[in-house]
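Dear colleague,

Please find the structure below, followed by a short account of what was found in it.

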Amino acid sequence: MASSKEQGPQQQQQQTSDQSHNFRLQFVTWNVCDTTPLNVAPLFRAEGPPPDLIAIGLQEAPGNPATAVIFEDTWGNASMKHLSQRGYVKIRTEHMQAILLHVFVKLEHLPHIRWIKTAFTRTGVGGYWGNKGAVTVRMDLYGTSVCITNTHLAAHLEQNEIRIQEFHAITEAQRFPGCKAGTIMEHDYIFWIGDLNFRLDPIDYEAVMNSIADGRFQKLLEFDQLKVAQREGLAFSGFSEGNITFQPTYKFDKGTTIYDTSEKQRKPAWCDRILWRTRPGLEVSVRQHSYTSLSHVKQSDHSPVTSMFSIQVDLNKNQPLVLFEPVRNWMCGYKGVASYSVVMDIPTSGWDWIGLYKVGFCHPKDYRTYVWADSAGFGKGKRGCMVLFEPPYMPDEPGYYLLCYWSTHFDCIIGVSEPFQITKPPHLEEAMDALTFDKQRRSSSSSSSTSTSSADTASEADVLDQVDSEEPTQNTEDNREENVTRPKRHNGGVEQGKEEAADGLNKSEFGTAPNTDTNSQEQSIAMSEKAAGAIEQGKEEVQMEVRSKSDLEVTSEVSQIKVEETEDQNSPEDEEDTEITEAQMPVQDTTPSVETVPQALAGGQEVEGEKAKVSSTNQISQEEVIAEAAKDETYY
């Protein structure tokens, strides 16, 4: 018992070491029979640890072959959306008409994969049409060459010899220039998936159906054309296949698990297969963890087939060729500086680029922005390289991002930074909070404008008192027009507020019909707030200039202006109006008013030109104006 306890940690350590070298791969093949995806999640469910690489091969996929080069197919989009949420990135897609192959890997493995190449071979209509044939994606994975081929071979029972010919045509035609493994058969690992279309022969329909009902699958596989071709060395020599324990995957009535009930009544067969092969003489091992069909997925006349593998890889090989320095303090709308180094003597060029990606991106072209990398050419590795992301191209959305270095020489990503955060600038947060508060305040003001309280009315009257205290006391129409057209002073501060307030008063004095429209109410509120703000600004500017004058000089100038105004009051009616106005004005012995001081500082030129033109028929006191404005609820 004690010995068992002592060996436990050693065994656990050995398992952990082995697991770190086990690279898990999941393959899915499915003839979708020209249907669009409904739910791709069942295709990628698997027991045990999640796979490091996922490849899905489709046949008879829907879509226009002419646009497939530009636009992602519906199955690819659905798979990419599902897998990107789980930390996978699509590294490559190869398609030929309705034959598609998508390959995804976990983000952590992205900089350890190099020399990703693709190929396709047409075998339909004597090799001129791509409805049948093969598409391939190959790569160097931690220094190990892996080749994945998705095929759709000739259909029908009697086309067995054609299928064998197509297999050889594919293996001989596909080449990968620049790679150590230049052909399919030269790779360390080969995974061959697809609708191979091999049938059961010679056996009649009734015998096949009886064997399926009894679960005698091994008996039926003796008539499998693929197994026969392998035994006779006609095709797929050296390839292995797991034990088939699932029922034939073809042909069902769509939407059911019932085999073909049409007039043709085709015999069921294992058309959809997953095989593998290792390079002869190579001391590598492949372990197949599962091999099954998904019979519950019924939208096609084929059942999907999936398999999980693990292979041995050396994690010390194919280390990232570009290392990024930690990125800190990046903010939306501001420039960002990224530093990196090329750790080996590799060819780089000005066509290399560095992409900024949101964490959870789908594929290498799913960047938010990019910049060209620093050019170096062949030879020396570079250290301390820096690139600048300009503010106009920085993302507006805060969140977690990362940087990836794309190499045109390797045609893949060879460096990935650690995730980092891009935050909002503080002033933007304050501005957004202020804007939200302002919208809420205006909305509240608009909703309460129809039921103005007495306190609100008093507040409005106070605002009018503040505006009118700055206006001359003459209330005739001529003087109002003269006040509006008077030159602006101090950047329009006081005068702009007076003009906007006077415009509102004019509407009340001339009996303008109240406007109960909500937009008019909001405009009036905005006008009053703007006027009050402008007046306050003008007051501050005036007070600054008043301080630069001596009290004696200002007082003498103001006194002179008052004498001139008094002398101009000739008629009894004018004198009466002057007395009323002066009684209403605040008493100011020596301190000049906000309105009078700018006139005095300007030399009294405007005051000298003004003459009170009071008409007995148009006399309106200041109190009447205020009272009239208070009655008009729509003024604000």
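**Exposure and backbone**

At 72% relative accessibility, N329 counts as exposed, where exposed means over 50% relative accessible area, buried under 20% and partly exposed in between (1.4 Å probe, protein chains only). This is a predicted model, in which local features need pLDDT of at least 70, side-chain atom pairs count only at pLDDT 80 or more, and totals for chains, interfaces and linings use all residues. Residues are numbered from 1 along each chain as its sequence is written, and side-chain values use heavy atoms, with hydrogens and water left out.

N329 lies in the loop between β12 (322–324) and β13 (330–331); strands (E, at least two residues) and helices (H or I, at least four) are DSSP runs, numbered from the N terminus. Phi of N329 is near 60°, a positive value in a residue other than glycine. F236 also has a phi near 60°, but F236 is buried, with a relative accessible area of 0%. Its place is in the loop between α6 and β9.

Most residues other than glycine have a negative phi, and most peptide bonds are trans. Here, the peptide bond from D201 to P202 is cis, with omega near -5°. Another cis peptide bond joins Y250 and K251, with omega about 0°.

**The sheet**

Five strands form an open sheet in the order β5-β6-β7-β8-β9, with mixed pairing; two strands pair if DSSP finds at least two bridges between them. Its edge strands are β5 (113–124) and β9 (272–278). β5 pairs with β6 (residues 129–141) in the antiparallel sense over 9 bridges, and F120 stands opposite V135 in β6.

With kind regards
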